[in-house]
Amino acid sequence: MQLRGILLAGAMLAGGGLAMPVGAQAAADAGVAKEILKRSVAFKTVEGAGQVPALAAYYASVLKQAGFADADIVITPMGETATLAATIKGRDPSLKPMLMIGHMDVVAANRADWTRDPFVPVEEDGYIFGRGSEDNKYDVAMMIATLAQLKKEGWTPRRTVILLLSGDEETNMVTTKALAAKYKDAELLLNGDGGGGLLDESGKPVLYQLQAGEKTYADFEIGFTDPGGHSSAPTPGNPIYRLAKAIDRIAAYRFPPMINELTKASLSLSAQRIGGDVGEAMRLYAATQDPASAELLSSRPEFVGQVRTTCVATMLSGGHALNALPQSAKVSVNCRIFPGVKIDDVKAQLVKVVDDPSATLTTLNDPTGSDASPLRDDVVKAVAAAIKARSPAITVMPGMSAGATDSLYFRALGVPSYGVSSLFMKAEDGFAHGLNERVPVAGIAASLAQWDSVVRALAK
């Protein structure tokens, strides 16, 4: 999970302090949550290591110590990974359950590249270092600690609450698909791996993004073939030359600008804060979908994803010998598709852009598309109240992510899904998927209060 676009652009803006909510009910203990986080990081839950089931078992032990019955916790092995589901039953069985979700797996990390061992959690200079500390073990630890505390209190919500943890969000999302299929009859889903808060350079909170949509991830492969031959006798059908022309066409093409209620709201709210030509472009585009403003925003990497579908060449291969004419050449094109746009429509447009009947265009893997979730009043009010309790000066805005999370498969099945991460970070501290990943310790108590407040409000 990473804050993108508008959040990063506002990094220098100031706000109030991260105070605990006045008069709030007791949230989970920050020391307990920190220990859960540190122990979580120590599990090497990368693809192929087989450690996700062990981490799930650890989380189950924490919940059982808090009073969860064995029957209320289900760990389901799936190959070398697993899922976890933990349930607090509600008083009213007629109500659909509320889901919470995060993921236990992390991306790979090479020890030789890191300053510290990525799987030995280290607390230093106000941070906890380790692979997965940000993505996504911080908020998973907060959710585990919150539900454990609620169970200890004997809290019985009106609506059943189910925590779901996937085991391969960073790779194939097979576990995510399985969870979505099983729990598709839900009222809503709260995702700890989306949204989140931004701190300025002094550590004060600036704004918070409530994620209610994300772009569809899809990969395509464009290929050309030819009989080939000896390099001393060039032919006009050289696949590399034909591919080069296709790549040039893709690089020059821009999908039409689009807008939805999420991007309209976030651009409108950000316009004055950003200021200047970019701020004015945000205001105009949100108000009138002005084409010139769309082009200006599209010229900025941090904003182009908020304005249109993007497709970019990412991998290239061709030829088989230095002294032979190539028999094949291909390029992989990665697309981030605006919510609501069909994957097949993007594929069809790429065929038009390439404009070469000899090209093959293949959809890789099995991408799934989803539309944005509605900005429900109950969700917006619950999240805004929890965030304002952290600091009244924080701006809360809806947003759309350029990347994909577990929410994708739930939205595709009609479950309204919202990224409500409790993690507030400085823009320069975002090292998810990168070297020396870290999270600030100072925000743990406020994160726990946020989760406690949101869960109570929406499940009461």
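By partly exposed I mean between buried, under 20% relative accessible area, and exposed, over 50%, with a 1.4 Å probe and protein chains only.

A quick word on the ground rules. This is a predicted model, where local features need pLDDT of at least 70, side-chain atom pairs count only at pLDDT 80 or more, and totals for chains, interfaces and linings use all residues. Residues are numbered from 1 along each chain as its sequence is written, and side-chain values use heavy atoms, with hydrogens and water left out.

Back to glutamate 187, then. What does glutamate 187 form a salt bridge with? The partner is arginine 376, and the closest N and O atoms are 3.0 Å apart. For a salt bridge, a side-chain nitrogen of Lys or Arg has to be within 4 Å of a carboxyl oxygen of Asp or Glu. This one links distant parts of the chain, 189 residues apart: glutamate 187 sits in the loop between α5 (174–182) and β7 (188–191), and arginine 376 in the loop between β15 (360–363) and α12 (377–390). Those element names are DSSP runs numbered from the N terminus, with helices being H or I of at least four residues and strands E of at least two. Arginine 376 is buried, at 17%.

The whole structure holds 18 salt bridges. Another of them joins arginine 456 and aspartate 452, at 2.8 Å from N to O. Both residues are buried, and they lie 4 residues apart in helix α14 (residues 444–459), about one helical turn.

Now for the sulfurs. With a disulfide taken as a pair of cysteine sulfur atoms within 2.5 Å, the count is 1. Cysteine 311 and cysteine 335 are the pair, with 2.0 Å from S to S. Cysteine 311 is in strand β12 (residues 310–318) and cysteine 335 in strand β14 (residues 328–337), so the bond ties together parts 24 residues apart in sequence. The S-S torsion is about 115°, so the disulfide is right-handed.

Last stop, the interior. A nonpolar core here is a set of buried Ala, Val, Leu, Ile, Met, Phe, Trp, Tyr and Cys residues joined through side-chain atoms within 4.5 Å. The largest has 70 residues, and Tyr59, Leu84, Ile144 and Leu147 have the most contacts inside it. Helix α4 (residues 133–153) supplies the largest share, 10 residues. Apart from that core lies another, of 20 residues, including Leu243 and Val331.
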